[in-house]
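Thank you all for coming; please bring up the model on your screens, and I will talk us through one region and then its neighbourhood.

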Amino acid sequence: MNLLNEDNVVHICMNIIGDIVLANLLFILCSIPIITIGPSLTALYHCMLRTVKGNNNGTVKTFFRAFKDNFIQSLLIWILFLFVLLILLLNIRFLSHTGNSMSKLFLYFSLAFAVLLTIEFLYVFPVISAFSGSIKNHMKNALLFAVMHFPSTLLIVVISLLPMYMTYQDLELMPLYAACWFFFGFGLTAYINSKLLYRMFKPYLGEEEDVNEDANFSIDVDKADGLIELQNPKDEK
């Protein structure tokens, strides 16, 4: 077995591991201001989707290009998410301390909306990373993908949230968990999710004769009936 052969399984696995670790470090570096977590998450998923597809030709270049190209949309959606989340958490806290039946009803509605918001959050940044469109269409597409592929959505929720919950619960192993998150945790989570997401996105990515770094994907939402429509691939500049 020739280990220097680029088609060798060991060589491919090492490249994937390298992409995950490097993208993870870049994600943490660009998320330090907190307010830029949205653009960083979009860039992370862009790298991981390209790794899954097999055309991630340079993680650093791919990450920063996606970070720059999707910065405004990702930033606005991230700020909106934080604002809605803050209001929602305050509302849930207030309603949980109120004993009447009407408050319990509103509490259940708030919890249901929190679940919907979480699903939207888990999908919208990968959607931005893979497709071009307006913020409204990205958010609509995110919900459409989540509903159309509900079993995969459940898996993505578990893959994304369970490790974080375990980290929060086991404080004795916090240093170990922190090291894992620092070196590969976020990247590995995004990579596993991208394996599922790419299967959803693939029918809308179009057929490319040459798989290269300059290729990009584009879908849009038909304003009349809300169905996802395939558009011509948009080349990255």
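The largest pocket in this predicted model is lined by 27 residues, and those nearest its centre are Phe-121, Ser-160, Leu-161, Met-164 and Phe-186. A pocket here is an open set of points on a 1 Å grid over the protein atoms alone, where a 1.4 Å probe fits and protein lies on both sides within 12 Å along at least five of seven lines, and a lining residue has an atom within 4 Å of a point. By class, this lining has 23 nonpolar, four polar and no charged residues, where Ala, Val, Leu, Ile, Met, Phe, Trp, Tyr, Cys and Pro count as nonpolar, Asp, Glu, Lys and Arg as charged, and the others, Gly among them, as polar.

Residues are numbered from 1 along each chain as its sequence is written. Local features need pLDDT of at least 70 and side-chain atom pairs 80 or more, while totals for chains, interfaces and linings use all residues, and side-chain values use heavy atoms, without hydrogens or water.

Now to two helices, which are DSSP runs of H or I with at least four residues, numbered from the N terminus. How do the axes of α7 and α8 cross? These axes, lines fitted to C-alpha atoms over the stretch in contact, with angles from 0 to 180 degrees between N-to-C directions, come within 10 Å and cross at roughly 180 degrees. The two helices are therefore roughly antiparallel, a label for angles over 145 degrees. In their contact (heavy atoms within 4.5 Å), Ser-160 and Met-164 are among the α7 residues and Phe-186 is among those of α8.

Finally, Phe-121 and Phe-125 both lie in α5, four residues apart, about one turn of the helix.

Definitions and conventions. Angles under 35 degrees count as roughly parallel, over 145 as roughly antiparallel, 65 to 115 as roughly perpendicular and the rest as oblique.
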